[in-house]
Amino acid sequence: MSALGVDKPAIVAALRQISELVEASGEGGFRARAYATGARVLERLAPDELEARLREERLTELPGIGDGLAGVVGELWRTGRSTTLDELRARVPAGRVALRGIPELGPKRIEALEAALGVTSREALEAACVAGRVRTVPGFSAKLESRLLEFLRAAPESAGAPELLLHQAVGLAERLVAWLEDGVPDARVEAAGSVRRRVELASELVLIASAPAPHRVLDRLEAFPQVRQVVERDGERGVVRLDEGRAVDLPVTVVAVAPERFVAALHHHTGSPGHLERLARQADARGLRLSAEGLFERGARRPLALRDEPDLYARLGLPFVPPELREAIGEVEAALAGDSFQDLVTREDVRGAVHCHTTWSDGKDGVEAMARAAEALGLEYLTITDHSPTAHYAGGLDLARLERQWADIDEVQARVKVRLLKGTEADITREGALDYPDRVLERLDVVIASVHQRYKLDEDAMTARLVRAMRHPLFKIWGHALGRLLGRRPPIACRVREVLDAAAESRAAIEINGDPYRLDLAPPWVREARARDIPLVLSSDAHSTAGLTAFHWAVDMARRAGVRTAEVLNTRSAAAFAAAVRPG
């Protein structure tokens, strides 16, 4: 990371935004594709590799990275800004990028709408459709106008509520915490809000800070190199918007208080409104009053001194409720009933990396590199689950290559201590079958089965497909169950409870996929799985050595669903895990 703290995801996001703006400007073609290619190339790099190449000026050694693109990346890394991106933002109407996502509107039609009607946003396009003006533009018709209006009303623009993926929001929060603490003596800063609760998408970033002179924290915030606009500063609260290359413009709020108010402020700005309301009733029942200012005895004007959040909950007659559970989903009632939440699964409980890909299919690193990286993380076992033949686009293994992969795994196993388990991520076919013959699946240590194609089957067909797969005697783990890609692809349409019932009957396990773009199965459905006693696996879905730690995000999702250590198969020893997932 550079001195200004611009991380790899921010640089990748900037390159993608440049690509979009170049295409929206009408230039399109090679230049737009070059920036998109550069984003894909850098995204595959480990953060330390990108930094090393920038410091040593070796970025152009990478395929697809020329001198011009390397210059843009270097500028972003050094300064946190891009003159290329700034110029495009100033020149290209922001609405043109939004219009690019509308079916049947290519660059030429977007340009025609702007020239004829001055349409440069979705709102303006919808108004023009309602007024019947779009059909008057050459190349448009009444039928096309009707289809455009139907789409706009069915899929309203979401840009008014920008969101960052959890891992992006956490990375940004960590950079801001470091910036504020480094610049203000004796400052203490923590992320709060939905990021601390580990919600999959963040629409805002809230930080709570304490310092002997709280106003200095807000001064330091405004000096953050990527601050584009100071939106608000009122007493102890500051709100800014950042310009760090991301297409998403997330507001950042910092609440700066005196040290004695830090615990109360952090607690208040972490819990969901429902959780805080439930605690307020609990406080009232005990003769106390809970507010953003602190916890007060009835009638008192000064708040009680609080050591930490466990102290606050104890004064309310409750065990400490972890932040991930503060969603008003029965956690207070569970605490009152005696649940201490101490057996909630943690990152340290996970003993094996499950669902990992290598260069045998679409992974970046070979079997030995993945094994040694798992050892370095202190993991006891690693499942090698490359794709099956139907996933030809991802280098799926036919039977001959699968046999060669097994030989490779055996050779590596002789050189490493971590136990290697042979497996597959087998496609669930349109008919609900698994992609390898049973005689092959029976020879594997673990079978993960996933949907990778035909996502748009209707609810009846998809439900039947999954139920049939669940009933296959060799089906062991349901991979990235509903196939969502956060912000890009919705979950598949199926009757989830019916599928979960079938999984429970077959004793199949379900993974919580830690790929930060998936985080699937979502916590509400994980709670449904737990109610059926379905075992769980916290997986990495790793396609590189750097991706092995993605199970951390799976742990976060599991904790939000109240998952306990004993419910997770890969918190067990290698032998116990292998016995639980072995086909047959």
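**Figure 1. Burial of strand β7 in the predicted model.** Strand β7, spanning residues 251–257, is mostly covered, with 7 of its 7 residues buried; buried denotes under 20% relative accessible area, exposed over 50%, and partly exposed the range in between, for a 1.4 Å probe and protein chains only. Strands (E, at least two residues) and helices (H or I, at least four) are DSSP runs numbered from the N terminus. In a regular strand, side chains alternate between the two faces of the sheet. From β7, P251, T253, V255 and V257 point one way, V252, V254 and A256 point the other way, and all are buried. The model is predicted: local features require pLDDT of at least 70 and side-chain atom pairs count only at pLDDT 80 or more, whereas totals for chains, interfaces and linings use all residues. Residues are numbered from 1 along each chain as its sequence is written, and side-chain values use heavy atoms, with hydrogens and water left out.

**Figure 2. Strand partners of β7.** Two strands are taken to pair if DSSP finds at least two bridges between them. Strand β4 (residues 205–210) runs parallel to β7 and is joined to it by 6 bridges; S210 has V257 of β7 as its bridge partner. Strand β6 (residues 237–242) pairs with β7 in the antiparallel sense over 5 bridges. In this pairing, R241 is bridged to P251 of β7, and V239 to T253 of β7.

**Figure 3. The mixed sheet containing β7.** Five strands form an open sheet in the order β2-β4-β7-β6-β5, with mixed pairing. Its edge strands are β2 (188–191) and β5 (227–234), each of which pairs on one side only. From one strand to the next, the twist averages 20°. Helix α10 (residues 166–183) packs on this sheet and touches β2, β4, β6 and β7, its direction making about 25° with that of β4. Angles run from 0 to 180 degrees between N-to-C directions, and axes are lines fitted to C-alpha atoms, for helices over the stretch in contact. Contact means heavy atoms within 4.5 Å.

**Figure 4. Packing of helices α1 and α5.** Two packed helices are described by the angle between their axes and the distance between the axes. Helix α1 (residues 8–24) and helix α5 (residues 83–91) pack at an angle of about 40°, with their axes 10 Å apart. The two helices are therefore oblique to each other; angles under 35 degrees count as roughly parallel, over 145 as roughly antiparallel, 65 to 115 as roughly perpendicular, and the rest as oblique. The crossing of α1 and α5 is left-handed, a term applied if the near helix is turned anticlockwise from the far one by less than a right angle, the clockwise case being right-handed. On the α1 side, A14, Q17, I18, L21 and V22 make the contact, and on the α5 side T84, L85, L88 and R89. By class, this contact of α1 with α5 has 6 nonpolar, 2 polar and 1 charged residues; Ala, Val, Leu, Ile, Met, Phe, Trp, Tyr, Cys and Pro count as nonpolar, Asp, Glu, Lys and Arg as charged, and the others, Gly among them, as polar.

**Figure 5. The parallel sheet from β10 to β16.** An open sheet of 7 strands has the order β10-β11-β12-β13-β14-β15-β16, and its pairing is parallel. Strands β10 and β16 (536–539) are the edge strands, each pairing on one side only. Strand β11 (residues 381–387) is joined by 7 bridges to strand β12 (residues 419–427), and the two run parallel. Here Y381 has R419 of β12 as its bridge partner. Helix α23 (residues 551–560) packs on the sheet, touching β15 and β16, and its direction makes about 140° with that of β16.

Figure 6. Although not a glycine, E57 has a positive phi of about 55°. E57 is found in the loop between α3 (47–55) and α4 (67–79) and, at 72% relative accessibility, counts as exposed. H355, likewise not a glycine, has a positive phi of about 70°. H355 lies in strand β10 (residues 352–356) and counts as buried, at 0% relative accessibility. The peptide bond from D520 to L521 is cis, with omega near 25°; L521 is placed in the loop between β15 (509–513) and α22 (523–531).
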